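Welcome! Take a moment to turn the model around on your screen, and then let us walk through it together.

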Amino acid sequence: MSTSPRRRVDVAGLAIALILLVLAGIVWWDMTKLQILSPYDLGPKVMPIVVSGGLVLLAIGNAIGALRGDLPARDSLDWTPIVLILGGLAALIILIAVGGGFMIGTALLFATTSTAFGRRAFVTDFIIGAVIAVFVYVLFAKLLTLSLPAGPLERLF
Amino acid sequence: MEAFVSLANGLSVAIQPMNLLFALIGVLLGTAVGVLPGIGPALTVALLLPITFKLDPAGSIIMFAGIYYGGMYGGSTTAILINTPGESASMATALEGNKMAKAGRGGPALATAAIGSFVAGTIATLGLTFLAPYLVDIAVSFGPEDYFALMCVAFVTVSATFGDSPVRGLTSLAIGLLLGLIGIDILSGQSRLSFGVPELYDNIEVTTLAVGLFAVGEALYVASRRHVHEEKLEAVRGSLWMTKEDWKRSWKPWLRGTAFGFPIGALPAGGAEIPTFLSYSTEKRLTKYPDEFGKGAIEGVAGPEAANNAAAAGTLVPLLTLGLPTSATAAMMLAGFQQYGLNPGPLLFADQPNLVWGLIASLFIANAMLLVLNLPLVGLWVKLLAIPQPWLYAGILVFATMGTIAANPSPVELIMLTIFGVLGFLMRRFDFPIAPVVVGLILGPIAESQLRRALSISLGDPMVLMQSPISATLLVIAAIALILPFFLKGLSRFKAVED
């Protein structure tokens, strides 16, 4: 906001302060449900109390900063690539959750991300992503003996 | 003398063929990721953690250290050739280095960065070798309250003292500490902030957090502002070698940079950023060629690069002797130790001298490997920069998600990865520093257990923190480090002037 001569209130900064306040409340509420086992000290409650108190102070600090317009200037935002990347991640999560394995999802994530970065060859990139997925699957599962979620495609190997 | 004997023993571990191979893989990987924009050493170690936990501990940790050192070398290549420093510690290098590359002196710029890094890395690793035994002797006498106070100092310096905004830095730290609370409390067996989600009972994985913040967050951020920001790669023209004149102008800045970098890195203060800028402004003041500054002065590359590497080696001092990570990469290395059940600190020097000294000895080897590999292979590293950005980031995300599910095969882990990615994006957009979150998550639970041990010994009396002279002194230092930046906003202004 440094472009305007008079500093204006930063709404996003106030939202951040509000979120911190909500988080402080959640930590505090969660803390009240804990039981103290030792009669001498607060045990598991000590850190939540410290963190919750700290978050309240920081919420105030961030709010003051937002009111004074202290936040750094921000570039304009292009939402399309964000939606594409998050969409790819969501597709991967859903595919793994329903037992579709990770290969199709990974190929899809590769293609959506590269589209987000300006490529216009979705099918080619999907195939490249699939090749990488197979390569990583062989590397992880066969060479390093790690388990990856398997679907119909993975069982072919 | 004791250090020499230990180092000689370490050398016998480090020159075992398998460990040499791990060091080589580490420096090659480290340089590659340092060169690639978008991946840093912290993310690389995070991605490798899940796939290395079945390997030999000494070998993997030697590899992680190689990645750390290699990443520092690689970062300078990118800073010089495309003026977009991958990490803040390379910002000073980019100032003069990119100007040199534009003027056709990219070769000498890369050479002075590489040789300066070698000189600084070697001196700083020597510093680590001789300082570590002393610090270990001191640390042995630390009680839990002293450790807690020491961690308070680290928390404050990492988040508040040296950042642009103490409030934003502390906010990042608080988010890390909050994430560190999630899961079952070991001492009481009760779950905190888990809301009945089984995956949350086992605490937040440091790797998932780091990969989310660094890989997914960075990809989202770069993609969202691609339309305002373009990168341009300078070709390396002319000779790679430094002239006699270049050598004459470089050696003093190398040594001065090391003198700035190592102590600041070794203090639990974190960040290679401050020493690089201190070095840059010092060289600017001392140079005989003031008119060249801003147009490509070799001193402005030699000094900050040396400072950068010396600081990186310096951060290993608190990491190894006290278990105190002061940078994101050091935090990931601590996670690397922990996955083998090893806890850096004085006890590790006593219990696993071969591992610790083998690691320190292999740092010397890694440094020499980097010097030998870097300049001849510079053409290869430059080719890495030619990977199209869409494929680069798509590949990073594929490896990020696969590494995460390989460690924890559950869709919930990927949901967390995505949430941390969005968090990382928002933090970059609103200029909150990332490293304090990672340090908070990994150091928070350790600090908590030390605090609770101290409190249970004192039967709940918090004054125990003030009764130990070490702890009282450290807490006063932490308080000063916390209050100081609010009064002296000098550092951020100082940086603004340098731009």
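Let us start with a bend: helix 10 of chain B has a kink of about 30 degrees, centred on B:Gly212. The bend at a residue is the angle between axes fitted to the seven residues ending there and the seven starting there. Helices here are DSSP runs (H or I, at least four residues), numbered from the N terminus.

Before going further, please note that this is a predicted model, in which local features need pLDDT of at least 70 and side-chain atom pairs count only at pLDDT 80 or more, while totals for chains, interfaces and linings use all residues. Residues are numbered from 1 along each chain as its sequence is written, and chains are lettered from A and ligands numbered from 1 in the order in which they are written.

The expected span of a helix is 1.5 Å times one less than its number of residues. A residue is buried if 20 or more other C-beta atoms lie within 10 Å of its own, exposed if 12 or fewer, and partly exposed in between, with C-beta atoms placed from the backbone.

Now look at where the two chains meet. In all, 50 residues of chain B are in contact with 61 residues of chain A (contact means that C-beta atoms, placed from the backbone, lie within 7 Å). Several helices of chain B supply at least two residues each to this side, among them helix 8 (166–181), helix 10 (206–224) and helix 20 (435–457). Which helix of chain B gives the most to the side that touches chain A? That is helix 18, with 12 residues. Helix 18 of chain B has 19 residues and reaches 27 Å from its first C-alpha to its last, close to the 27 Å expected. As 17 of the 19 residues are buried, helix 18 of chain B is also largely enclosed by the rest of the structure.

Finally, find two residues for contrast. B:Ile138 lies in helix 6 (residues 106–140) of chain B, and with 13 C-beta neighbours inside 10 Å it counts as partly exposed. A:Thr32, in helix 1 (residues 11–32) of chain A, has 8 such neighbours and so counts as exposed.

Key
Contact = placed C-beta atoms within 7 Å.
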